[in-house]
Amino acid sequence: MKNYLLVVAFLVSKLAIGQSPSPKITSNLEVLDIKNGKRQVILTGNWLMEAPNWSPDGKFLILNRKGVLEKMSIEGESLGVIDTDFANRCTSAHGISYDGKTVFFSHNDTRAGLTNNSRIFKVPIEGGKPTLLTPNAPSFWHGVSRSGKHILYAGLRNGNWDIYKIPTAGGEEIRLTNDAALDDAPEYSHDSKFIYFNSYRTGRVQLYRMKPDGSAQEQLTDDEFDNWYPHPSPDGRWIVFMSYLEDQKGKHPLGKEVKLRLMNLKTNQIKDLTETFVGGQGTLSVPCWSPDSKRLVFVTYKLD
């Protein structure tokens with residue numbers, strides 16, 4: 001999401017000087033059973049498919065496709081686009097409130113500037129005119145509290161990426177982290193007692209958690225991988241996350257070797273859920289659990 005405008009600029013420049021564009025991409029929307037590891041590809045497309053959410057009632061998915069939010073059945077059939085009116089440059093940062101009534105999303109809003117212009121909006125699940133939640137840009141949505149009263153997001157302020165929250169009813173943003181290194185991808189636990197996030201503060205991206213007011217920050221992983229996008233399961237037993245095999249220097253690019261891993265929150269033991277595949281930004285960017293905590297939805301890619 002944060003590299004979206006840079007990617008677009010790169011592609012435009014390549015075409016402008018007569019060079020070949022980037023490789024063609026094939027996206028596979030997959031569902032994984034965490035108990036037996038069985039994976040099912042429910043949709044394949046020759047376009048950039050990103051960031052699937054599972055609806056709270058388990059009946060449909062939402063994903064980002066060419067800047068719009070599309071509803072999909074669990075079988076991979078299109079259920080139509082969610083109307084977001086003027087906000088048609090959505091990023092891979094979106095999700096649904098626990099009551100299923102509201103969609104939160106980030107949109108590259110040119111009113112906030114030509115670059116670093118992502119701001120967070122909300123619309124009813126049926127679609128409608130967006131309501132702006134974050135006047136400051138760039139801001140990328142990542143989570144909503146169970147009560148629906150606050151959202152979490154990563155924001156670039158004064159040259160530094162930190163984690164913020166803001167009331168969904170409107171108000172001032174509240175800074176939760178204040179580290180010189182990048183802090184990103186915050187998400188509430190299902191009971192909203194913790195916030196999980198990833199940070200570059202050790203020189204590799206690792207997973208952390210803290211209390212909702214930003215206190216009691218603790219590191220959860222410390223290994224040779226770059227660990228991104230921690231998503232706690234609805235039953236509170238697990239965290240699923242994506243690991244880059246190689247050091248990405250604090251970035252989260254697409255088209256790299258990654259795998260999905262699962263942490264047991266009681267024992268802190270970690271196991272692989274998948275073998276290595278081509279993924280990155282867009283694979284597992286947003287809340288992705290089924291409501292019964294038995295399955296995950298994610299995207300894998302093939303570059304030709």
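Q: Which side chain meets glutamate 30 in a salt bridge?
A: Arginine 39 does, at 2.8 Å from N to O. A salt bridge here is a side-chain nitrogen of Lys or Arg within 4 Å of a carboxyl oxygen of Asp or Glu.

Q: What kind of model is this, and how are residues numbered?
A: This is a predicted model, in which local features need pLDDT of at least 70 and side-chain atom pairs count only at pLDDT 80 or more, while totals for chains, interfaces and linings use all residues. Residues are numbered from 1 along each chain as its sequence is written, and side-chain values use heavy atoms, with hydrogens and water left out.

Q: Back to that pair. Is glutamate 30 buried or exposed?
A: Glutamate 30 counts as buried because its relative accessibility is 5%. Arginine 39, at 26%, counts as partly exposed. The cut-offs are under 20% relative accessible area for buried, over 50% for exposed, and partly exposed in between, with a 1.4 Å probe and protein chains only.

Q: How many salt bridges does the structure hold?
A: It holds 15. One of them joins the side chains of lysine 259 and aspartate 272, at 3.0 Å from N to O. That pair links distant parts of the chain, with lysine 259 in strand 21 (residues 256-264) and aspartate 272 in strand 22 (residues 270-272), 13 residues apart. Lysine 259 is buried at 12% relative accessibility, whereas aspartate 272 is partly exposed at 43%.

Q: Which residues are joined into a network?
A: Arg204, Asp226, Asp247 and Lys249 form one network, through salt bridges that share partners.

Q: And which residue pairs with arginine 201?
A: Aspartate 179, in a salt bridge of 3.9 Å from N to O. Both sit in loops, 22 residues apart: arginine 201 between strand 16 (195-199) and strand 17 (206-210), aspartate 179 between strand 14 (174-175) and strand 15 (183-188). Arginine 201 is partly exposed at 27% relative accessibility, and aspartate 179 is partly exposed at 25%.

Q: Changing topic: how many helices and strands are there?
A: The protein has 1 helix and 24 strands. They are DSSP runs numbered from the N terminus, with helices (H or I) of at least four residues and strands (E) of at least two.

Q: How much of strand 20 is buried?
A: Strand 20 (residues 238-244) has 7 of its 7 residues buried. Trp238, Val240, Met242 and Tyr244 point one way, and Ile239, Phe241 and Ser243 point the other way.

Q: What does strand 20 pair with?
A: Strand 19 (residues 226-232) is joined to strand 20 by 5 bridges, and the two run antiparallel. Strand 21 also pairs with strand 20 in the antiparallel sense, over 7 bridges. Two strands count as paired if DSSP finds at least two bridges between them.

Q: Which residues face each other there?
A: Histidine 231 stands opposite valine 240 in strand 20. Tyrosine 244 has valine 258 in strand 21 as its bridge partner.

Q: What about the turn between strand 19 and strand 20?
A: The two strands form a hairpin with 5 residues between them, and glycine 236 in the turn has a positive phi of about 75 degrees.

Q: In what order do the strands of the open sheet run?
A: The order is 7-8-9-10, with antiparallel pairing of the 4 strands. Strand 7 (90-96) and strand 10 (131-132) stand at the edges with a single partner strand each, so one side of each is left without a neighbour in the sheet. Strand 7 is joined to strand 8 (residues 102-108) by 4 bridges; isoleucine 96 has valine 103 in strand 8 as its bridge partner.

Q: Where is threonine 134?
A: It lies in the loop between strand 10 and strand 11 (139-144). Threonine 134 is buried, at 1% relative accessibility. A polar atom of its side chain lies 2.8 Å from the backbone nitrogen of isoleucine 120.

Q: What else is threonine 134 in contact with?
A: Leaving aside neighbours within four places in sequence, its contacts (heavy atoms within 4.5 Å) are Arg119, Ile120, Ser139, Tyr153 and Ile166.

Q: And what share of the whole protein is buried?
A: Of its 304 residues, 54% count as buried.

Key:
A polar contact is a pair of N or O atoms within 3.5 Å; within protein, one must be able to donate a hydrogen and the other to accept it, and residues adjacent in sequence count only if both atoms are side-chain atoms.
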